[in-house]
Amino acid sequence: MAGISRPMRRSPAASNGSRLWFRIFLVLDFAIIISVLAAAFVVFRFYPDAWERTYATLGYGWIPALLWAGSLLVALRYRPAWLIRHWNLWLAGACAAALTVGILTFFEAGYGPLAFVGLGGEWGSAAMGNSLFLGIAVLASLALVIPVLILPRKAGRGYWLALAYAMKGLWSGLVALARGIAFVAAAIGRGVASLFSKDTRPGWVNAAFRFPGRLLSVVFRRSHRLEPAGNVPVIEGPPDEGIEANEPSESIIPPGSAPLSARGSKWKLPSLDLLAPAEVRSTDEKPLKKMAEDIESALADHGVSVEVADIKAGPRIVRFGLMPGWTEKRGSGRDGDGAPDRSRVRVQSILARERDLSLAISSPSLRFEQVPGEALLGLEVPSPFPSKVTMREVMDSVDFRKFAAKGGLPIALGADAGGDSVAVDLASLPHMMIAGATGSGKSVCINSIVASMMLTKPPDQLRMLMVDPKQVELTPFNGIPHLVLPVITEVDEVSPMLRGLIREMTRRYKAMAEIGTRNISGYNAKARDPMPYLVLIVDELADLMLVGGFEIEQSLVRLAQLGRAAGIHLVLATQRPSVKVVTGLLKANIPCRVAFAVASQVDARVILDSVGAEKLLGKGDMLLLNNDAPKPRRVQGTLVLDEETEKLVDFWLDQKGPALPPINLEDDGEEGEDREGVDEGMVDKARELALRNPNLSASALERRLKIGGSRAEQIVEVLEDEGLLIPR
């Protein structure tokens with residue numbers, strides 16, 4: 001049949017030919033083996049020293065070496081495809097043979113040619129470097145490589161990850177030991193310096209006094225200062241051996257290494273050791289200089305004169321500061337001095353060459369931004385050596401420690417384009433709006449915000465409310481003492497919770513009015529029972545707006561307008577930054593906005609009122625807009641690992657602290673009595689009016705709802721109890 005293919009049959013002639021070639025190759029194999037054995041017999045028979053020399057070369061290491069070489073020759077002869085398919089196993093076998101030879105080298109022979117080189121022979125002794133420590137290092141390297149070659153790809157990655165964390169832990173221990181030794185040396189130096197008077201103190205005493213701090217500053221590349229102790233005299237003599245007079249000694253303990261403490265609280269804060277250590281960033285200047293030359297030449301080819309005046313390398317991007325050059329005006333002569341009439345290159349001509357620059361430096365993602373405070377045009381390019389920003393790195397920064405010392409709500413947000421840590425204070429923002437597409441880093445940013453507050457605030461100073469309609473991002477925090485309620489996953493429960501939060505805000509305003517304070521900080525300074533901060537975190541705002549609509553929006557707007565003084569702050573996130581979700585009223589009351597990578601310029605304008613977010617790289621690359629800068633600032637967000645989150649949650653779950661004051665977000669029970677004889681439909685309409693105007697009066701209700709005065713007063717009392725109206 002035409003549609004059925006038949007197997008091809010080999011002709012008898014082809015079969016006989018293949019058998020003939022097989023016999024020829026078999027005879028050649030035997031001939032080669034016999035020739036090799038005969039040559040070895042002749043050499044060892046007529047040259048007795050050859051056997052001893054060969055034996056001394058590898059000793060007993062010839063056994064694994066010949067086994068591996070023989071199996072390699074057999075596979076190369078009969079199964080060459082195995083060498084390509086299972087190359088990792090052959091390489092692992094070679095490492096295992098080398099490891100065996102190295103181990104044999106550590107065992108000595110009593111007599112004979114191996115008496116001075118060990119059972120591994122001369123080659124094994126040379127490979128081990130004739131040193132115990134060097135040999136152990138070589139054997140350890142081989143032992144670490146063999147499992148990676150044998151294990152599957154995924155298991156090998158986990159093996160290397162565990163090894164990397166072990167090495168980081170070892171390095172941290174060595175660093176701590178070095179700092180401890182330097183601290184002791186500095187103490188001894190201060191003691192020796194105190195034995196001499198200022199007039200008779202030799203120069204070598206001053207040098208010994210400053211040496212530990214200088215050594216540590218070189219080792220760790222930091223130049224911190226150490227204030228002298230109260231009983232240690234300050235060196236005020238003339239400069240000796242290149243040391244300036246009155247120069248303060250350098251610190252051996254960097255600022256920020258001390259753990260954070262909770263003032264006035266019986267709860268203990270977790271140690272920063274629960275976080276992964278900061279990664280060491282290495283910046284190679286050669287690729288950056290090559291990119292700068294390519295940028296200048298690419299623009300010069302199109303008649304645009306530009307000079308790269310500044311280069312700053314961050315974790316994910318590199319910012320080149322472009323200084324526009326000069327160009328001669330067309331049709332213009334020379335001025336009175338004979339010099340040509342020149343003008344600066346227009347910025348628009350540089351922006352028009354974006355695609356040419358993209359091809360020149362082989363980077364599809366470019367972004368132009370004016371450098372703040374400088375006459376430079378910033379060109380942001382993805383870094384050729386990207387790195388991660390850890391929580392530990394940002395929390396050790398000066399800004400974060402400053403916010404924590406003031407008693408605010410510090411957030412470790414990330415690092416900017418220059419690599420400097422970026423931290424913000426949620427108490428002064430006072431609210432935050434986060435938007436970004438799926439996979440852009442929005443959920444990781446929320447986790448870093450929660451982790452920052454868990455590391456700096458005990459539950460008697462900070463309480464949180466979490467809404468997670470997706471039921472996967474915030475539910476791991478269930479059970480920590482900071483939560484007022486379990487993580488809310490049902491959208492129908494959000495509106496009653498928001499009304500209860502508004503009632504709590506009204507109660508706080510009444511309490512502050514009784515004492516005569518303007519905000520929560522003044523109240524906590526005077527009151528016997530301080531009030532904790534309240535932070536509402538919503539992971540997906542779009543789901544709430546679709547279900548709750550107007551009521552949800554007005555409740556959030558009311559909290560955003562009046563919540564700051566009462567210590568109530570909002571963190572709202574969404575992956576759909578449309579005008580129906582991020583409304584104009586919400587944006588007007590939430591000045592701090594964070595935009596991750598979005599799909600289009602329309603989404604970028606909704607969240608930032610400007611373009612740029614559509615060109616971000618994703619995975620934590622963000623634009624931060626707050627009151628500190630008129631334009632968005634590019635930041636690489638912090639990475640919070642799941643292991644770090646689990647450690648923080650376990651720390652707070654295991655800690656048994658004092659009882660926390662209750663925060664009632666439910667109805668007080670008196671609402672039903674006040675609503676007797678009041679139409680529920682009228683109350684719902686009045687509630688909508690109250691959400692728009694918190695100073696609504698009974699007379700206004702009479703006109704709007706066309707009801708009597710007594711009924712309007714009853715509705716006003718109900719709305720005041722709910723916290724929707726400000727009591728008069």
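**Charged and buried residues in a predicted model**

Asp-356 is partly exposed, as its relative accessible area is 26%; buried means under 20% relative accessible area, exposed over 50%, and partly exposed in between, with a 1.4 Å probe and protein chains only. This is a predicted model, in which local features need pLDDT of at least 70 and side-chain atom pairs count only at pLDDT 80 or more, while totals for chains, interfaces and linings use all residues. Residues are numbered from 1 along each chain as its sequence is written, and side-chain values use heavy atoms, with hydrogens and water left out.

The partner of Asp-356 is Arg-353: the two form a salt bridge whose closest N and O atoms are 3.3 Å apart. A salt bridge is a side-chain nitrogen of Lys or Arg within 4 Å of a carboxyl oxygen of Asp or Glu. Arg-353 is partly exposed, because its relative accessible area is 29%. By this rule, the count comes to 18 salt bridges.

A further pair is found in helix 16 (residues 494-515), where Glu-504 and Arg-507 lie three residues apart, about one turn of the helix. Helices (H or I, at least four residues) are DSSP runs, numbered from the N terminus. The side chains of Glu-504 and Arg-507 meet in a salt bridge, with 3.2 Å from N to O. Glu-504 counts as buried because its relative accessibility is 11%, whereas Arg-507 is partly exposed because its relative accessible area is 31%.

Arg-367 and Glu-369 are both buried, and their side chains meet in a salt bridge of 3.3 Å, N to O. These two residues also belong to a network of salt bridges that links Arg-367, Glu-369, Glu-380, Asp-621 and Arg-634.

Asp-642, Glu-643, Glu-646, Asp-650 and Asp-654 form a negative surface patch. Patches are made of residues with over 30% relative accessible area and no salt bridge, and like charges are joined within 9 Å; Asp and Glu count as negative. Asp-654 is found in helix 22 (residues 642-654). Asp-654 is exposed, because its relative accessible area is 62%.

Ser-448 is buried, because its relative accessible area is 1%. Leaving aside residues up to four places away in sequence, Ser-448 touches Met-391, Ala-412, Thr-638 and Val-640, where contact means heavy atoms within 4.5 Å.

Notes: Patches are made of residues with over 30% relative accessible area and no salt bridge: like charges are joined within 9 Å, nonpolar side chains (Val, Leu, Ile, Met, Phe, Trp, Tyr) within 5 Å. Accessible areas come from the Shrake-Rupley method with a 1.4 Å probe; for residues, only the protein chains shown count as cover. The place of a charge is taken as NZ of Lys, CZ of Arg, CG of Asp or CD of Glu. Helices (H or I, at least four residues) and strands (E, at least two) are DSSP runs, numbered from the N terminus.
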